[in-house]
Amino acid sequence: MSELIDAEDIESCMKRVPAWEADGDCITREAEYDDFMEAIDFVNGVAEIAEEAQHYPEIIISGSTVTLRLLTDEQRGVTTLDFELAARIDNLLD
């Protein structure tokens, strides 16, 4: 199991995933697309990555905007698993 990252260390970890934002007990990222179907294609890509990692984000779809929220439920906060998944999702977006 991955260790909980304390608030002081989250800032340094955020430098590896600058498009994400620290938000209390999680990290979040929003992605906007031209239309709903592009947003769904992105979500499907995230689903494949998450399934492979066995670590699942909260996904909110609102029209053509997708908001991702990462935290490790068992630890009730952000762990290295969350930052690893965030980096993999960033690769999908690049």
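Predicted model: local features only at pLDDT ≥ 70, side-chain atom pairs only at ≥ 80, totals over all residues.
**Exercise 1. Sort the faces of α1**

Work out which residues of helix α1 are buried and where they lie around the axis.

Solution. 
- Step 1: pick out the buried residues. In α1 (residues 7–14) they are Ile-10, Cys-13 and Met-14.
- Step 2: look down the axis. These buried residues fall within an arc of 95 degrees, so they line one face of α1.
- Step 3: turn to the face pointing away from the buried side. Glu-8 and Glu-11 are exposed there.
- Step 4: name the packing partners. The buried residues of α1 pack against β1 (21–23), β2 and α3 (80–93).

**Exercise 2. Examine α3**

Compare the span of α3 with the expected value, then find what covers its buried residues.

Solution. 
- Step 1: take the span. The 14 residues of α3 reach 20 Å from first C-alpha to last, close to the 20 Å expected at 1.5 Å a residue.
- Step 2: list the buried residues. They are Asp-82, Phe-83, Leu-85, Ala-86, Ile-89 and Asp-90.
- Step 3: view them down the axis. The arc is within 160 degrees, so the buried residues line one face of α3.
- Step 4: identify the cover. It includes α1, β2, α2 (36–53) and β4 (65–70).

Methods: Residues numbered from 1 in each chain as written. Heavy atoms only, no water. Buried < 20%, exposed > 50% of the residue type's maximum accessible area, 1.4 Å probe, protein only. Helix = DSSP H or I, 4+ residues; strand = E, 2+ residues; numbered from the N terminus. Arc of directions from axis to C-beta. Contact = heavy atoms within 4.5 Å. Expected span 1.5 Å × (residues − 1).
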